[in-house]
Each structure stands twice: as structure tokens, then as C-alpha cells.
Amino acid sequence: MDMDRSGLPRRIICLTEEPTEVLYALGEQDRIAGISGFTVRPARARQDKPRVSAFTSAKIDRILALAPDLAIGFSDMQADIAAALVKAGIEVWIANHRSVDGILGYVRRLGALVGVAAQAARYADALAAQVDAAREAAARLPRRPRVYFEEWDEPRISAIRWVSELIGIAGGDDIFPQRAAASLGRDRIVADDRETIEAAPDIIIGSWCGKKFRPEQVAARPGWADVPAVRDGQLHEIKSPIILQPGPAALTDGLAALQRIVRDWAERQG
């Protein structure tokens, strides 16, 4: 568990996907010793690296056998994994960024942590430019749709902050922005369907983390038939790996998917 001569970590365990995606993008993938089993970006990481964790659990013995000098995770959801590794003498960084600006800052901090701060800054600037371009394109839309983003169905959980922000950047308006400000999923639960029905979203987007979105089930919910999105068939899925990870994917593929949905809706309005 020793670092390289510069004092930088050389055997990193990535407990979530976003540090893996960032390190590959920065050309620093050789530092990765193990990854999350949920990793899909980049695809080759699954062939290159051993999978040693889920999201709320990890194979601690296997991680220790890889002799890491740093583990990187995300949020209070990984507190138990972090505690176990800390007790075993492993240095741990648990990030907790929840916004678009937070994601950009995360890229910069992670790059600095492995000694490529300038390269990470350029990468973050490129990501920020894509976000700015999307915001400028949205300003040209004739009308902004009301959007309900559902992260989970039972119970209903609405958009986390960076998703809510990306909806706005893409040209829509999240119907539950006040919930998006809450960091914990339990604080984003929509317990009463009447709230959603009365908000009358023009678009419904499902990203049920870990399972396929079922638009027909949403449409069949009692009282939802007259919701504009249901009436007009505007129920869409965005796969969770490209929108619910607080990393580059959300700012690239996730944002692009939101843009397509919003743009197609706007074109249908005539």
C-alpha cells in the first residue's frame, strides 16, 4: 500500500463508476486497481479491471488483497464500506457532489489528486462548454415543457439535484425543484400522486435505477390518464448509468438524451 515517488496514489479502488470514467478520460486508468460491479463506462473497464463492490456493499477482503493506497466512493450510502476500509488502514475519499457545478469540481479535484490537475481542468472546461451549448440551444426553444423525472417507482422518487438542473439546461422545467434540493432519496419521495397529477407534466422521464422503466405501468396509475404526458404519449426512459451517476456521463450522454426528448416535444407543439 505504497504510493509512487511523487506521493500520488497508484492503486485506486473506484467504489462507483464516476471516478473510473474520469480516470480513463484523463489517461490515468493504470492507477485503477478495482472497480464497481455497476461500472459500464467505459465499457473496456469491465474487461480491464476486477469488480470488487456494489453500491452499498463491497468485498473488503478482495479489496485489501489488491493492496490499494486509495479508495474513492460517493455519499453517505457508502459510509459502511468507507469505515471498513479506514479501519483496515486504507485512505478513503468519499465525495458528495450533488450539482452540475459539483460534478465539474469533482473532475478537477480528482485530477489534482492523481497529479494531472491541468489536464483535468481542460477536461472539465470541455464538459462545461457542452453544458453551456445545451443551455444556449434551449434558449431558442419556443416553449419549455414541464417535466416529471422518476428515479424510482415504489415509492415514487423524483429527480436528484444534478438531474433537475440538467432538465433545466436542456430546456425543461422540473415539476419538483424543491425536492431536488434534498440530498437523500427519502426526502424526494412523492407520497401522493395527486401532486404529480396536479403539476400536469408535459413529459415524464423514467430512470428506475437497476430495472427497466415501464411506461405502461405509469400510464395505468389511477388518475394519471389525463396528465398531458400520458395523454400525449410523452413517456420516455433514460438509462440510469448515463444520468444517475454524478460524473461525466450525466453531462454528456445524459444531457444529450434530455435535449432530444425536450426538442422532439417542442417540435410537436408546432
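Which residue in β4 is the bridge partner of C14? Hold that thought for a moment, everyone, and keep in mind that what we have here is a predicted model.

The answer is I72. That bridge belongs to the pairing of strand β1, residues 12-14, with β4, which is parallel and runs over 3 bridges. On to another partner of β4: strand β5, residues 92-95, is joined to β4 by 4 bridges, again in the parallel sense.

How do we get from β4 to β5? Helix α4, residues 79-87, sits in that unit, and β4, α4 and β5 together make a right-handed β-α-β unit.

Now, let's stay with β4 itself, residues 70-74. Of its 5 residues, 5 are buried. Both faces are covered: L70, I72 and F74 are buried on one side, and A71 and G73 are buried on the other.

Let's move to the nonpolar cores. The largest has 52 residues, and within it V163 and L166 touch the most other members. Helix α12, residues 248-268, is the top contributor to this core, giving 8 residues. Do have a look at L166: leaving aside residues up to four places away in sequence, L166 touches V100, I243, A250, L251, L255 and L258. Apart from that core there is another one, of 13 residues, including I175, W224, V227 and V230.

How values were computed. Residues numbered from 1 in each chain as written. Predicted model: local features only at pLDDT ≥ 70, side-chain atom pairs only at ≥ 80, totals over all residues. Heavy atoms only, no water. Core = buried A, V, L, I, M, F, W, Y, C linked by side-chain atoms within 4.5 Å. Buried < 20%, exposed > 50% of the residue type's maximum accessible area, 1.4 Å probe, protein only. Helix = DSSP H or I, 4+ residues; strand = E, 2+ residues; numbered from the N terminus. Contact = heavy atoms within 4.5 Å. Pairing = 2+ DSSP bridges. Right-handed = clockwise from strand over helix to strand, strands pointing away.
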